[in-house]
Amino acid sequence: MHRKKLIFGAATVCAGAMLLFTLGGFKKATPPGKKTRPNIVVILADDMGFSDLGCYGGEINTPNINYLAENGIRYTQFYNTSRCCPTRASLLTGLYNHQAGIGKMTDAEDEPGYQGHITEHAVTLAEVLKSAGYHTAMSGKWHVANTNGQPDPKEQLNWLNHHTTYPAFSPIEQYPTSRGFEKFFGTIWGVVDFYDPFSLVSGTTPIKEVPRNYYHTDAIADTAVAYIRGYANDDQPFFLYVAENAPHWPLHALPEDIAKYKDTYKGGWEAIREARYKKMVKLGLIDAATTKLSPRFKDEQSWESNPDKEWDAVAMATHAAMIDRMDQGIGRIIKALKETNQLDNTLIVFLSDNGASAEICNHYGPGFDRPNETRDGRKIEYADKKAMPGPETTYYSIGPRWANVANTPYRYWKAESFEGGIHTPMIAYWPKGITVKKGAYSKQVGHVMDFMNTFIELAGAKYPANYNGHTIRQSSGVSLVPSFKGKVVTGHEELFNEHFGARYARVGNWKLVSMSNDSTWHLFNLAEDKSEVHDLAAQEPVKVKELEGLWREWAATHSVFPKPKKE
């Protein structure tokens with residue numbers, strides 16, 4: 001099927017910005033006024049490893065994100081909730097994700113913590129900031145709404161393959177524009193074909209076709225740029241949420257970006273992991289005395305004896321290319337802020353929603369949110385390493401060994417509560433408001449739910465006890481604003497998590513953690529062992545019992561229990 005060219009005026013422009021204007025553009029700007037409160041931009045990467053960025057030890061070319069880090073603050077103890085949609089729910093609401101209604105994924109289940117969407121007992125950042133006089137806009141991945149699947153698997157695939165259409169991907173009352181965002185362009189569901197994404201909408205209107213040269217990461221960035229330029233002459237500040245899909249699988253990247261890394265990963269897992277670790281130590285991000293390089297996952301397989309090393313090198317090159325392209329878009333966002341004289345008084349925060357993913361996604365096969373052919377009928381390859389990743393006709397991911405590299409120096413990955421799953425790079429940049437030395441590090445123990453209290457403080461907003469007739473749960477977040485001024489703040493003394501059985505309790509520097517597939521508790525002293533190498537559970541049974549009791553108390557009071565009946 002031929003994809004029609006979409007025209008704005010007399011010229012073809014970027015799909016994201018063009019769709020934004022043609023399907024619900026800006027009102028006429030008001031005369032310039034004095035903005036005293038900062039604009040706020042949150043940029044959230046998807047499944048990016050702790051050490052992928054250049055400024056966090058990686059070899060990937062990320063000059064624009066590096067610029068934010070080198071002129072802002074890098075946080076060394078910042079946490080997410082280990083998976084895409086739970087982290088988004090926590091970030092947007094200032095609550096633990098179960099309290100916000102997303103204890104697992106976006107399926108509607110039968111217990112309060114597992115509604116599969118942000119519930120009416122939570123407010124979003126957009127709702128709170130809008131009430132304080134902010135414009136609110138979003139570009140990218142929503143993934144905090146129930147998914148409206150089709151009961152017939154064949155019809156579901158027809159929908160995923162763009163061969164048929166339905167009016168809504170989720171209940172409209174759960175769309176971003178129903179939860180405080182004035183503008184939205186992006187996907188309602190989580191997984192996307194980067195060349196032709198499913199569940200793409202502008203506001204609430206489905207986008208039925210995209211241009212032939214469409215690439216979703218570019219459209220997300222260019223839509224964000226359009227929002228920024230549209231708000232430039234308005235005297236109201238704005239809140240902009242840029243929720244990237246990159247570098248989440250499938251591995252889809254443009255050939256010119258992959259080519260930059262064609263030789264980078266030919267040295268293999270060990271070489272890249274060791275190089276990253278050394279760079280992290282040199283940068284001062286980690287202390288080699290307290291953060292050892294944890295054992296490599298399944299290190300019995302050496303790179304030299306790997307029969308698939310050519311494919312594996314291209315897979316990681318594609319992952320790098322997806323991050324590189326995201327960074328290019330962030331550069332355009334920074335440029336737009338600078339050219340509209342808004343950069344100095346804009347707080348930009350950048351982070352990842354969880355650690356890199358160990359999933360071998362092609363093993364899932366087509367179905368639910370994964371197509372089996374392109375819009376024009378080309379078959380999508382799911383067979384193990386049968387085709388090189390990158391094009392729209394392939395469906396692959398980097399797998400556990402490269403995910404272990406991406407999360408250097410930590411153990412494990414997305415969905416687990418070990419540091420490799422929950423420890424996120426986080427950068428805050430705000431020329432006018434951050435007064436600590438440029439490029440500083442902050443050891444404040446932070447969490448994605450902290451953005452609510454942080455932004456409320458900066459915006460002069462108020463967190464409501466009631467909203468739209470519903471009682472609102474109290475936020476568990478703390479403000480990051482003191483860290484902007486160099487004040488020594490401990491942050492969270494206690495943090496907890498649970499996701500599909502993976503769980504942890506962190507109290508001070510003690511951390512109790514278990515895997516999703518093994519309920520055995522492991523105990524670590526993060527003051528001496530941040531990479532969780534030395535399990536002290538057998539030596540410290542009293543501490544294990546104490547932290548387990550605290551975890552169970554938290555779980556009972558934060559909607560982790562009761563679990564859904566069908567679990």
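This is a predicted model: local features need pLDDT of at least 70, side-chain atom pairs count only at pLDDT 80 or more; totals for chains, interfaces and linings use all residues.

## The antiparallel sheet

Strands of a sheet pair through backbone hydrogen bonds, either parallel or antiparallel. Here, an open sheet of 4 strands is arranged in the order S15-S16-S17-S18, with antiparallel pairing.

S15 pairs with strand S16 (residues 502-507) over 6 bridges, and Ala502 in S16 is the bridge partner of His499. Strand S17 (residues 510-515) is joined to strand S18 (residues 518-525) by 5 bridges. S17 and S18 form a hairpin with 2 residues between them; Met515 has Asp518 of S18 as its bridge partner.

## The helix on the sheet

S15 and S16 pair in the antiparallel sense. Helix H15 (residues 541-557) packs on the sheet and touches S15, S16, S17 and S18. The direction of H15 makes about 70° with that of S15.

## The nonpolar cores

The largest nonpolar core contains 76 residues, and those with the most contacts inside it are Leu53, Leu240, Tyr265, Phe350, Trp402 and Ile427. Helix H10 (residues 309-339) gives the most to this core, contributing 15 residues. Leaving aside neighbours within four places in sequence, Leu53 is in contact with residues including Ile323, Phe350, Pro425 and Ile427.

Apart from this core lies another, of 62 residues, among them Leu92, Val123, Phe184 and Val448.

Key: Residues are numbered from 1 along each chain as its sequence is written. Side-chain values use heavy atoms; hydrogens and water are left out. Two strands pair if DSSP finds at least two bridges between them. Contact means heavy atoms within 4.5 Å. Axes are lines fitted to C-alpha atoms, for helices over the stretch in contact, and angles run from 0 to 180 degrees between N-to-C directions. A nonpolar core is a set of buried Ala, Val, Leu, Ile, Met, Phe, Trp, Tyr and Cys residues joined through side-chain atoms within 4.5 Å. Buried means under 20% relative accessible area, exposed over 50%, partly exposed in between (1.4 Å probe, protein chains only).
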